Amino acid sequence: MQLLFSVIIPHYDIPDLLMRCLESIPVSKEIQVIVVDDNSPDADTYLERYPELSRPYLEFVRTTKGGGAGYARNVGLEHAKGKWLLFADADDFFVKNAFSIIREYESSIVDVVYFKTKSVFSDNLEQPSTRGRQQNSLIDGYLYNGEENKLRVEYWSPWGKMIRRELVASHNIRFDEVKYSNDHYFSANVGLNAKEIKADNSVVYVVTRRDGSLTSGNPNKPHEIETRAEVNFRVQKLLRQHHIVLKPMPFRTDMLVMLKYDRSLYRKYLKRIDEIYPSTIDGIIDICTGLKLHLKILVFGYSLLVRTF
């Protein structure tokens, strides 16, 4: 029987939550599970302490680099053999009937199928969270308003979708090996290179929020704003190469974050804004989209001053 799915799970030092994730994935010879441990402190004891890691059709891959989730996912891609790729974070999990829903598309001719997700707090699964809300709204926009490009390039998370492995292999698409936003360029590349996509209104995956995780809180971690901005700027350049224009442009959010937390970084990217917009003025106008009038005046004035001097 053909290996249908490869589930890639990057992991670092949350083995109990990883077990929860693994228990949500059926044991099947059609499903290859690849856990890539990114140099957890006591990973050498995992196989003894957690029998679930020795279950059939699971590969437990240890790295010594400590390169982050993007690096771990790239390692997982090197081991993947399934027709379809699925990604999961170690602190998330699949809903009970997820693989029954996913299997409906195993023979599909499309390259990517996007699904909805549910979001809760990791330590209280009855408490809703807002993670994944944007992805769900993109699916709604596609299903009800035909907004295909936004779904293709703004559904940045690797989870919540099934991706034809041949698409990733033929275009040599890989994750950025950075600490933050490692999945944005990968996901945009997948969406842009997919010949045909589909979206399903069904929930197949549960996204959790944990205090202290990389996706929680304000952008106050070392180099976080800089790293996210660099990745997302490259994404916008990629969109421009593919002649895709979204209004407002997603990088507008990065510019507003930089304006609030790091003015020197804002000035740096403002001086390069014509690399992703038709002109500097177009970029400044887009940054001001949706702001109150007094804020528009402040941002516009400051931006013109930066560009002048």
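## Around D140

Leaving aside its neighbours within four places in sequence, D140 is in contact with K116, N145 and N201; contact here means heavy atoms within 4.5 Å. Take N201 as an example: D140 and N201 sit 61 residues apart in sequence, yet their C-alpha atoms are 7.9 Å apart in space.

Before going on, a word on where this comes from: this is a predicted model, local features need pLDDT of at least 70, side-chain atom pairs count only at pLDDT 80 or more, and totals for chains, interfaces and linings use all residues. Residues are numbered from 1 along each chain as its sequence is written, and side-chain values use heavy atoms, with hydrogens and water left out.

## Helix 5

D140 is part of helix 5. Helices (H or I, at least four residues) and strands (E, at least two) are DSSP runs, numbered from the N terminus. Is D140 buried, partly exposed or exposed? It counts as partly exposed, because its relative accessibility is 26%. The cut-offs are these: buried is under 20% relative accessible area, exposed is over 50%, and partly exposed is in between (1.4 Å probe, protein chains only).

Other residues of helix 5 are tucked away: Q135, N136, L138, I139, G141 and Y142 are buried. Their cover includes strand 6 (112-121), helix 6 (148-154) and strand 9 (197-209). How does the helix's length check out? Helix 5 (residues 133-145) has 13 residues, so at 1.5 Å a residue it should span 18 Å, and its end C-alpha atoms are 17 Å apart, which agrees. That expected span is 1.5 Å times one less than the number of residues.

## Aromatic pairs

How many aromatic pairs does a search of the whole structure find? There are 15. Rings of Phe, Tyr and Trp (its six-membered ring) pair if their centres lie within 6.5 Å; planes under 30 degrees apart count as stacked, over 60 as edge-to-face and the rest as tilted. One of the pairs is F233 with F251, edge-to-face at 5.4 Å centre to centre and 65° between the planes. This pair links distant parts of the chain, with F233 in helix 9 (residues 224-241) and F251 in helix 10 (residues 251-261), 18 residues apart. F233 is buried at 2% relative accessibility, and F251 is buried at 0%.

F233 also pairs with Y269, this time tilted, at 5.1 Å centre to centre and 55° between the planes. Y269 lies in helix 11 (residues 263-270) and F233 in helix 9, so the pair ties together parts that are 36 residues apart in sequence. Elsewhere, ring pairs join F5, F94, F99, W159 and Y205 into a cluster.

## Nonpolar cores

A nonpolar core is a set of buried Ala, Val, Leu, Ile, Met, Phe, Trp, Tyr and Cys residues joined through side-chain atoms within 4.5 Å. The largest one has 70 residues, and I9 and L53 touch the most other members. Strand 9 supplies the largest share of this core, 6 residues. A second, separate core has 21 residues, including I225, F233, L270 and V306.
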